[in-house]
Amino acid sequence: MRETAAIALARTVATLSRRLGRGGRTLPGVIVGKIAPNLPRKLAGQLPGGCILVTGTNGKTTTTKLLVAALRRSGESVLTNDSGANLRSGVVSALLSAADLRGRIRATVGVFEVDEASLRLVAPELRPRHIVVLNLFRDQLDRYGEVDTTAALLAEGIAATDARLYLNADDARVASLAAAASGPDRVSYFGVEQLPDRLTDARSAVDSDRCPSCGERLRFDRIFYSHLGHYSCPNGDFDRPRPDVTVTDVVHADLDGTEFTVSAGGVRRQVRCGLSGTYNLYNALAAVSVAAGLGVDPAVTAEAVRTTEAAFGRVEKTEVQGRTLWLLLIKNPAGFAQVLDTFLIGRTQPQVMIAVNDLPADGRDVSWLWDVPLEALSASRPEVVTAGTRAAEMALRLHYAGTEAAVASSVDDGISRLLEGLPPGGDGYILPTYTAMLQVRRALRGRQEAA
């Protein structure tokens, strides 16, 4: 009776919350946590294929979407938190949304993106069969602290399960999480063997270049971006593990996506991902790796990766007043650097809006802006407007990097200025933090509806 009442109340609250424009994606999970704390475990236990958790600093939403697409194409009924609500309350709310009043779930497998600090709370409840860790970068310092702190939180969550791990071999701190697995046979690695020079970025902010065993600075033979690459400890304490699934070469790459060759189980297949950038290449590789581990037909996975569109705000394109606007989420130095390298550096006078907020979902500490290699942008002579609660600080950072920016009074004002500077058919680039991205999308939707 308690669980039935909890489900009914959670569904009612979710409906009311949506009608009030509050989303309704997390509050149901909070309510159930108070009334029926064992319910999430019971709901997750009904999934025949169990749960897959996707975590890491960057790429959770995109990787989850790619993996969900592959599983659905293979015939699975997939339950996921596609709203991006990845704290414990958001994951529990996703489970509740699929349950009837008797607590029955019809899906066959659950795929959930999980916040790095929340894995230790979610994993013991959902008892996942598979956990994917994409990367570890400095992010929201007021929440996570440094990379080693985040890694320790992830290790705690992993150690509470007997899940198979899928780890990024090119990130030493991620690869070291194999020590938390229930056994060495429960770990698979994915990685990149080589990339064309134009797709590598040695300018990226490097967040973790120390050996996870002895603390000595790692020796890199190849760097793809930030601290992702081929490394070894000079003391011999930790070396890059051999990946089970690899990108062996990149056939073609532009703003419309990347075509690459992937090797899994000794079989090579050409795959095209419609999302551009080296960081999205890694997201696609992670999804391919997990799908291979689950036995999904490689042709099915390749088609899912080819046809899946960007998650909201992640390399999302939209048409407004005859102009094309690219929405490119930024939230930490490594991700910001990849956006610069993929979309802006090397272009002539790109039209750019950077919207930075410091609300709780963004992280209150915006000192990370000073770690972004914005100096490389000045040679492109961009036209930049800044917006958001920290618009002035963003403009100051750009000033010291050699680029002057206009400061907008609001996000909507920033969009107006950006559009005014674009010719018909032109491309503009909007780089928002998370809550600023939500404001941008609302403002753009209003303009499209009014047109």
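Predicted model: local features only at pLDDT ≥ 70, side-chain atom pairs only at ≥ 80, totals over all residues.
In which hand, left or right, does H4 pass H11? That's where I'd like to start today.

H4 covers residues 60-73, and H11 covers residues 298-307. Their axes come within 8 Å and cross at roughly 135°. That angle is why we call H4 and H11 oblique to each other: angles over 145 would count as roughly antiparallel, and 65 to 115 as roughly perpendicular. And the hand? The crossing of H4 past H11 is right-handed. If you want to find the contact on screen, look on the H4 side for Leu66, Ala69, Ala70 and Arg73. Facing them from H11 are Val300, Thr301, Glu303, Ala304, Val305 and Thr307. Sort the residues of that H4 and H11 contact by class and you get 6 nonpolar, 2 polar and 2 charged.

Next pair: H2 and H5. Here we have residues 27-35 for H2 and 88-97 for H5, with the axes 7 Å apart and an angle of about 90°. So H2 sits roughly perpendicular to H5. H2 brings Leu27, Pro28, Gly29, Val30, Val32 and Gly33 to this contact, while H5 brings Arg88, Ser89, Val92, Ser93 and Leu96. The class count for H2 with H5 is 6 nonpolar, 4 polar and 1 charged.

From H6, the contact uses Leu119, Arg120 and Ala123. From H8, it uses Leu153, Leu154, Glu156, Gly157 and Ile158. By class, the contact of H6 with H8 comes out as 5 nonpolar, 1 polar and 2 charged residues.

How many cavities of 30 Å³ or more does a search of the whole structure find? It finds 2. I'll show you the second largest cavity, which has a volume of about 30 Å³. Around it you'll see Asn58, Gly59, Asn135, Tyr225, Tyr279 and Asn283. That lining has 4 polar residues, 2 nonpolar and no charged ones.

Last stop: arginine 314. Where does it sit? You'll find arginine 314 in strand S12, which is residues 314-320. And what does arginine 314 touch, leaving aside its neighbours within four places in sequence? Its contacts are Thr61, Thr62, Leu327, Leu329 and Met437.

Technical notes: Residues numbered from 1 in each chain as written. Heavy atoms only, no water. Axes fitted to C-alpha atoms, helices over the stretch in contact; angles between N-to-C directions. Helix = DSSP H or I, 4+ residues; strand = E, 2+ residues; numbered from the N terminus. Parallel < 35°, antiparallel > 145°, perpendicular 65-115°, else oblique. Left-handed = near helix turned anticlockwise from the far one by under 90°. Contact = heavy atoms within 4.5 Å. Nonpolar A, V, L, I, M, F, W, Y, C, P; charged D, E, K, R; others polar. 1 Å grid on protein atoms, 1.4 Å probe; cavity = no way out; pocket = protein on both sides within 12 Å on 5 of 7 lines; lining within 4 Å. Points joined across faces, edges and corners; volume = space filled by probe spheres on them.
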